[in-house]
Amino acid sequence: MEVRSTALSARRRSIGLLLNRIRGQFAQVPLLGWLFGALIAVAVEYLAGSPLAQVLGLAGIPALFGFEIMLKKPLLIPSAILYVLVVYVLPAGAVAWLSSSLANRLATKFLSLPLWLSAVIHLGLFYAALHLWASLNDYRLFVVRLTLIAIMLTLSLNVVNGYMGEFSCSHPGFMALGAYAASVFTVAAFVQDDVFGPPLLPPVLGPFMFPVALIVGGLVAALAALLVAIPSFRTRGDYLAIISLAFMFIVKSFIENLEIVGGPRGFMNQPPWADLPTVFVWTVICVAIIYNFVRSTLGKALCAIRDDETAADAMTVDTRRTKMVAFLFAAFWAGVAGGLFAHLMSYVNPGTFGVLKLSEVLAMVYLGGLNSVIGSIVGAVSLQLLMEALRPLEVLKWIIIPTLLILVMIFRPTGLIAFKELDIEKLLKPRQKPVEEVKYAAASD
C-alpha cells in the first residue's frame with residue numbers, strides 16, 4: 001500500500017510539473033500570438049470544416065461550437081467535442097505556442113508605435129478572425145452582430161447602474177426611441193415606402209448617411225432622457241428606478257398608439273445596412289469612448305458620487321450636473337444600439353422593448369460585474385451566447401438561465417469581473433523580454 005501511494009503521489013507530482021510547464025510556456029504568448037492562433041484555427045475550419053464534420057458524422061459545420069448539436073442529439077457529443085478540439089483548440093494552441101517568439105518580437109516593435117495604432121493592428125487581426133468565422137454561417141453572422149449590439153447596451157447601462165451607483169430601468173425605452181428615430185430617418189430619406197412615399201434623397205447615398213441616422217437616433221434618446229433625469233436627480237434614493245420604469249412603459253405605449261410608424265404592428269422596410277463591419281466599428285467606438293469616459297475627470301467624479309454623494313458635493317463636485325451628463329451619455333449609446341438593432345432586423349415592434357429586454361440587459365450588466373468595462377463585455381458575450389446555445393431547449397432555457405444567474409449572485413455577488421478596468425497598455429505588451437535584455441542581464445550576473 002505504501003509503495004502504491006508513493007507511486008501515485010510521484011505520478012501526481014510529475015503531472016503537476018508537466019501542467020505547470022505547459023502553463024508557463026503559454027503564459028509567454030502575447031495577445032498577438034493568440035490572435036494569430038485564432039486566425040489560423042478559423043482558416044482551418046474554413047478549408048477543412050465541412051469534410052471533417054462529415055467524417056465525424058455531423059450534418060454540417062457546427063454553428064456555435066457544437067452546443068446546439070450536444071443538446072439536440074446527445075449521441076453526437078463525442079463528435080462535437082472532437083470537432084472543437086481538432087478545429088479550434090489544437091491549431092490555435094499550436095500556432096500560439098510556435099509563434100510566441102515572433103509575436104513577442106513584433107509586440108516589442110509595436111511599443112514604439114502610438115498606442116492607438118497598436119490597438120488598431122490588434123483589432124484588425126481580431127476582426128479578420130471574427131469575420132472569417134461568422135461568414136461560414138448566416139446564423140453565426142446574425143448572432144455575432146446581436147452580441148456586439150448587446151455589448152453596447154450593457155456598457156451604456158453600466159455607466160448608470162455601475163459607475164453612477166443608481167438603478168435605471170429606462171434603457172429599453174431609449175433603445176426603442178433610437179430604433180424608431182433612425183428607422184424613420186432612413187426609410188423616409190432613402191426607401192420607397194407606402195407611408196412616407198418616394199425617397200427624399202438618392203438611395204445610393206443611404207449607406208454613407210447611415211451613421212447620421214444612428215447619431216440622430218442617439219440624440220433623440222438623449223433628449224428623451226432629460227424627461228427622466230430632470231425630476232429624478234432632484235432627489236435621492238430609489239426615485240430613478242421608479243421614474244425610469246414608468247418611462248419605459250410610457251415609451252412603449254406611445255409607440256403602440258403612433259400609427260404613422262405602424263403602431264402595435266411594428267415598423268418595417270429598414271435597409272439592411274447593419275452589416276458586420278458597421279456594427280463592429282460602432283461597437284469599438286462605443287467601447288473606446290466609454291472606456292475613456294470612465295477614466296476621465298468626469299468619470300472619476302461619477303465614481304466619487306457613487307461612493308459618497310455628500311462627500312463629493314463637499315469636494316465641489318457638481319453632483320446633479322455630473323449625473324445628468326452621464327445619464328444622457330448612456331442614453332445616447334442605447335439609442336445608437338437601437339438604431340443598429342432596427343437595421344439588423346429590418347423590422348421593429350414596440351413589444352420588443354419591454355420587460356423582457358430590460359431583464360436581459362440587467363442580467364448582462366450584473367453577470368459581468370459593475371464598474372468594469374471588461375466585465376460588461378464578458379457579461380454581454382456570455383449571456384448572449386448562452387441564450388443562443390440553449391435555444392434548442394425552448395422553455396427549459398428560461399429555467400436554466402435564471403438558475404445560473406442565481407448561482408452567480410450567491411457565489412459571486414459582484415459578478416464575474418467587477419471593479420477591474422481593462423489595461424490596454426499591459427494587454428498589448430510582449431510577454432517575453434527581448435533577447436538583448438536577456439543577454440545583458442546574464443552578462444551582468
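**View 1. Helix H9 passes helix H10 in a right-handed crossing in this predicted model.** A crossing is called right-handed if the near helix is turned clockwise from the far one by less than a right angle, and left-handed if anticlockwise. Helices (H or I, at least four residues) are DSSP runs, numbered from the N terminus. H9 (residues 206–232) and H10 (residues 239–256) pack at an angle of about 150°, with their axes 9 Å apart. Axes are lines fitted to C-alpha atoms over the stretch in contact, and angles run from 0 to 180 degrees between N-to-C directions. H9 and H10 are therefore roughly antiparallel to each other, a term for angles over 145 degrees; under 35 counts as roughly parallel, 65 to 115 as roughly perpendicular and the rest as oblique. Ala224, Val228, Pro231 and Ser232 of H9 meet Tyr239, Leu240, Ile243, Ser244 and Phe247 of H10, where contact means heavy atoms within 4.5 Å. These residues divide into seven nonpolar, two polar and no charged. Ala, Val, Leu, Ile, Met, Phe, Trp, Tyr, Cys and Pro count as nonpolar, Asp, Glu, Lys and Arg as charged, and the others, Gly among them, as polar.

Residues are numbered from 1 along each chain as its sequence is written, and side-chain values use heavy atoms, without hydrogens and water. Because the model is predicted, local features need pLDDT of at least 70 and side-chain atom pairs count only at pLDDT 80 or more, whereas totals for chains, interfaces and linings use all residues.

**View 2. Helices H6 and H11 cross in a right-handed manner.** H6 (residues 115–134) and H11 (residues 276–295) pack at an angle of about 145°, and their axes are 11 Å apart. H6 contributes Leu123, Phe126, Tyr127, Leu130, His131 and Ala134 to the contact, and H11 contributes Leu276, Pro277, Phe280 and Val284. By class, this contact has nine nonpolar, one polar and no charged residues.

**View 3. The axes of helices H7 and H16 come within 8 Å.** H7 (residues 138–164) and H16 (residues 373–389) cross at roughly 140° and are therefore oblique to each other. Their crossing is right-handed. Among the contact residues are Leu146, Ala150 and Asn158 of H7 and Ile377, Gln384 and Glu388 of H16. The contact divides into twelve nonpolar, five polar and one charged residues.

**View 4. The largest pocket has a volume of about 1,900 Å³.** On a 1 Å grid over the protein atoms alone, a pocket is an open set of points where a 1.4 Å probe fits, with protein on both sides within 12 Å along at least five of seven lines; lining residues have an atom within 4 Å of a point. Volume is the space filled by probe spheres set on the points, which are joined across faces, edges and corners. Of the 49 lining residues, Leu35, Leu123, Phe126, Phe280 and Ile377 lie nearest the centre of this pocket. H6 provides the largest share of the lining, ten residues. The lining has 41 nonpolar, five polar and three charged residues.

**View 5. The second largest pocket has a volume of about 460 Å³.** It is lined by 22 residues, of which Leu146, Phe341, Lys357, Glu360 and Gln384 are the closest to its centre. H7 gives the most to this lining, with six residues. By class, the lining has 13 nonpolar, four polar and five charged residues.

How values were computed:
Helices (H or I, at least four residues) and strands (E, at least two) are DSSP runs, numbered from the N terminus.
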